[in-house]
Amino acid sequence: MRRAPICLGSVLLLAASVTVDVRGQSNEAQDAAVMEALDAFLAGFNSRDSETFAAALHFPHVILDGSRIIQFEAKEDYVARDSALWGSVQDNWARTVWDDRRIVQRLGDTVHVAGRWARLDAAGNVIAKADVLYTVTRKDGRWAIFARSGNRRAQGALREP
């Protein structure tokens, strides 16, 4: 009889550690899907291909850059910018990596992730960093970036004209 409370306590602790959202997906599975969406976003940016980059986003797509709000209604609008998507990046930029990212809020099929990315040159030296906030949503069964915010200019992560 003495072991029953210990076993029951262990089961309750295990159950509490794997919570489930309202749609039945565990936080662990949801977290992995959200991080995969963020990885696809950076891989798309690093590809320098507007179609690949846009595939990591949901539309409409919203960008809050400092006090500017930019909204793209459709993927075609976003893709039409093509090379302008990379026009603000430093000339010696080779790729961008995650420096930090963490889920700060879950609201059903909406997850907010605070993080920091770093731009690297070909030798792997950091040439810029920016703190960012992403809204990642599950729409039609797919996790992707719906909105993002950060002030790249204020953080020195834009190429000077």
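Let's start with the rings: the structure holds 8 aromatic pairs, where rings of Phe, Tyr and Trp (its six-membered ring) count as paired if their centres lie within 6.5 Å. One of them is F45 with W93, a tilted pair at 5.1 Å centre to centre and 50° between the planes; planes under 30 degrees apart would be stacked, over 60 edge-to-face, and the rest are tilted. F45 belongs to helix α2 and W93 to the loop between α4 (75–79) and β3, so this pair ties together parts that are 48 residues apart in sequence. F45 counts as buried because its relative accessibility is 10%, and W93 counts as buried at 7%. Buried here means under 20% relative accessible area, exposed means over 50%, and partly exposed is in between, with a 1.4 Å probe and protein chains only.

Before going on, a word on what you're looking at: this is a predicted model, in which local features need pLDDT of at least 70 and side-chain atom pairs count only at pLDDT 80 or more, while totals for chains, interfaces and linings use all residues. Residues are numbered from 1 along each chain as its sequence is written, and side-chain values use heavy atoms, with hydrogens and water left out.

Back to the rings. F45 and W93 are members of one aromatic cluster, together with F41, F53, F59, F72, Y78, W98 and Y134.

Now zoom out. The protein has 4 helices and 6 strands, running α-α-α-β-β-α-β-β-β-β from the N terminus on. These are DSSP runs numbered from the N terminus: helices are H or I with at least four residues, strands E with at least two. The 6 strands make an open sheet with mixed pairing, in the order β2-β1-β6-β5-β4-β3; strands pair if DSSP finds at least two bridges between them. At the edges are β2 (68–72) and β3, each pairing on one side only. On average, neighbouring strands of this sheet are turned by 20° against each other, direction ignored. Helix α2 (residues 27–47) lies across β1 (57–65), β3, β4, β5 (126–139) and β6 (142–150), at about 145° to β3. Axes are lines fitted to C-alpha atoms, for helices over the stretch in contact (heavy atoms within 4.5 Å), and angles run from 0 to 180 degrees between N-to-C directions.

β3 and β4 run antiparallel, joined by 11 bridges, and L107 has T110 in β4 as its bridge partner. β4 and β5 are antiparallel too, over 11 bridges; their hairpin has 5 residues between the strands, with G124 in the turn at a positive phi of about 90°. In the hairpin of β5 and β6, 2 residues separate the strands and D140 takes a positive phi near 55°.

Finally, look at D109, in the loop between β3 (95–107) and β4 (110–120). D109 is buried, with a relative accessible area of 16%. Its side chain makes a polar contact with that of R138 at 2.6 Å; such a contact is a pair of N or O atoms within 3.5 Å, where, within protein, one must be able to donate a hydrogen and the other to accept it, and residues adjacent in sequence count only if both atoms are side-chain atoms.
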